[in-house]
Amino acid sequence: MDSGSSTGEIIGHSKAINAVAIRHQRPFRAATAADDNLIVFHQGAPYKFDKIIKTHTKFVQDVQYAPSGDHFASVGSDSKVFLYDGKTGDTIAELTASPHTGSIMAASWGPDSKNFVTSGADCLVALWDVQAQKPITTWNPASQHVGNAWSGERDIVSLSIDGTLSVFDPRTADKPSRVINAPQKAITAFAPINPSTFLGGTADGRVYSFTPEKGESDVIPTETHTNLVSDLASNPKDGNVYSVGYDDRLREIRVDLSAGVHPSYSASPGITTSSQPKSIAVAGDGTVFVVEINSVEAFRSNQRVLEHTPKSVVNAVAASEGIVALGGEDQKVRLNSWDGTSLTETAVLEGNKGIISALAFSPDGKLLASGDMITSRWSFHTARVNSLAWTSDSLHCASASLDTHVYVWSVAKPMKNIAIKNAAPGGANAVHWVEKDGSSSLATTGADGCVRLWTVTFHAS
């Protein structure tokens, strides 16, 4: 690759190639596996066709060389495992003691070349002894597995079809020693539950908890949404979190903080909204306001208490105690007082340059930040503002935009900002301040499904 010169070619297959394995010792060899049920063995370098190996009767899903180069193994949809000589490509044996009953999707060798692991769509992960040619440990992780890798000397990492990583220790045969969950789709919204943990909703309807201090994320083990989570909001009264999604449901995620740093979660069955929800906010009395296509609904104690028809189509909502702000397509923000039963308009804020797309009250309730679909109020973003978040002292506000950038604004110096360029490839969807022990970090996320934590140094006063 350094010189651009050809080092051979791969020929002999008539269908898609699923895996390539290369022997890293001289004489160099390569083996390829494909959907034509064949393994093609190549000599190199330069690599050239040597022979076809017809051991499998269905798709050959993976082929892997041992680190020593003495052997390579193949697995396939016929539930079979074969072992070959690394230099000649001759078949040594079929490992007939296989516990797999379905397609075997992946294989990976241990660093000492004495063991290898297989993962299958039959919800089975098996550790093999090469010399004995039989499995020595098996795990049943209760989900289809499509890939694996050997991490370090002992840890075996297997990838399930839903994106979960299960870490297995050969000394523990009953269950994974660790399970790692992370979003598989874009993260669309954030909501805090305590100073060290926050929740994030995703485009596939899941809700995850994030603990930046430990660099961990975990899927909330409750019934959530069947489609994109459009917004999340925390209840200032009890700390629970409400979510709305494109499945036209409002759900309450109950948060139990009695366990300390690892909260436990439960969920309500949910309430059906009148139309597709876009934004959500929780007032001081625990009333949940949901902005929908043509209306604003209010819910309390799992009951609908109000259906409000606004003067303009509303895109964003924010609430602070008894004040509810509605941002609409008429480029106006309407402030309403909430008495527990009805909304009464008290003021109209004008001056935005486009359709309102995000609103956020400062924690002290004295300030309201608004973002629109053209630019932020401070006129630095070049696309729709998706999210706004205030620091706990109400002195700084962060904005996230479809333009992939995040800006941090100062109330004391509104003409100055701290720019975080390209904070979220594909568009920044949400921001959240993580504050602990007097220090502030900014969490950002977006279309790439990643959460990034930024250390922010504010401008001197």
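A cavity is here a set of points, on a 1 Å grid over the protein atoms alone, where a 1.4 Å probe fits but cannot get out, and lining residues have an atom within 4 Å of a point. A volume is the space filled by probe spheres set on the points, which are joined across faces, edges and corners. The model is predicted, so that local features require pLDDT of at least 70 and side-chain atom pairs pLDDT 80 or more, whereas totals for chains, interfaces and linings use all residues. Residues are numbered from 1 along each chain as its sequence is written, and side-chain values use heavy atoms, without hydrogens and water.

Three cavities of 30 Å³ or more are present in the structure. The volume of the second largest cavity is about 40 Å³. Its lining includes Pro310, Lys311, Asp330 and Arg334. Three lining residues are nonpolar, three are polar and four are charged (Ala, Val, Leu, Ile, Met, Phe, Trp, Tyr, Cys and Pro count as nonpolar, Asp, Glu, Lys and Arg as charged, and the others, Gly among them, as polar). Strand β31 (residues 323-328) gives the most to this lining, with three residues; strands are DSSP runs of E with at least two residues, numbered from the N terminus.

Ten salt bridges were found, a salt bridge being a side-chain nitrogen of Lys or Arg within 4 Å of a carboxyl oxygen of Asp or Glu. In one of them, glutamate 297 meets arginine 304 at 2.6 Å, N to O. Glutamate 297 is buried, at 0% relative accessibility, while arginine 304 is partly exposed, at 39% (buried means under 20% relative accessible area, exposed over 50%, and partly exposed in between, with a 1.4 Å probe and protein chains only). Aspartate 448 and arginine 452 also form a salt bridge, at 2.8 Å, N to O. Shared partners join the salt bridges of Lys311, Asp330, Arg334 and Glu345 into one network.

A further salt bridge, between lysine 51 and aspartate 90, has an N to O distance of 2.8 Å. This pair links distant parts of the chain, 39 residues apart, with lysine 51 in strand β4 and aspartate 90 in the loop between β7 (81-85) and β8 (91-94).

Strand β4 belongs to an open sheet of four strands in the order β1-β2-β3-β4, with antiparallel pairing; two strands pair if DSSP finds at least two bridges between them. The edge strands, β1 (17-22) and β4 (48-53), each pair on one side only. Five bridges join β2 (residues 29-34) to β3 (residues 39-43), and alanine 33 has isoleucine 39 in β3 as its bridge partner.

Definitions and conventions:
On a 1 Å grid over the protein atoms alone, a cavity is a set of points where a 1.4 Å probe fits but cannot get out, and a pocket is an open set with protein on both sides within 12 Å along at least five of seven lines; lining residues have an atom within 4 Å of a point.
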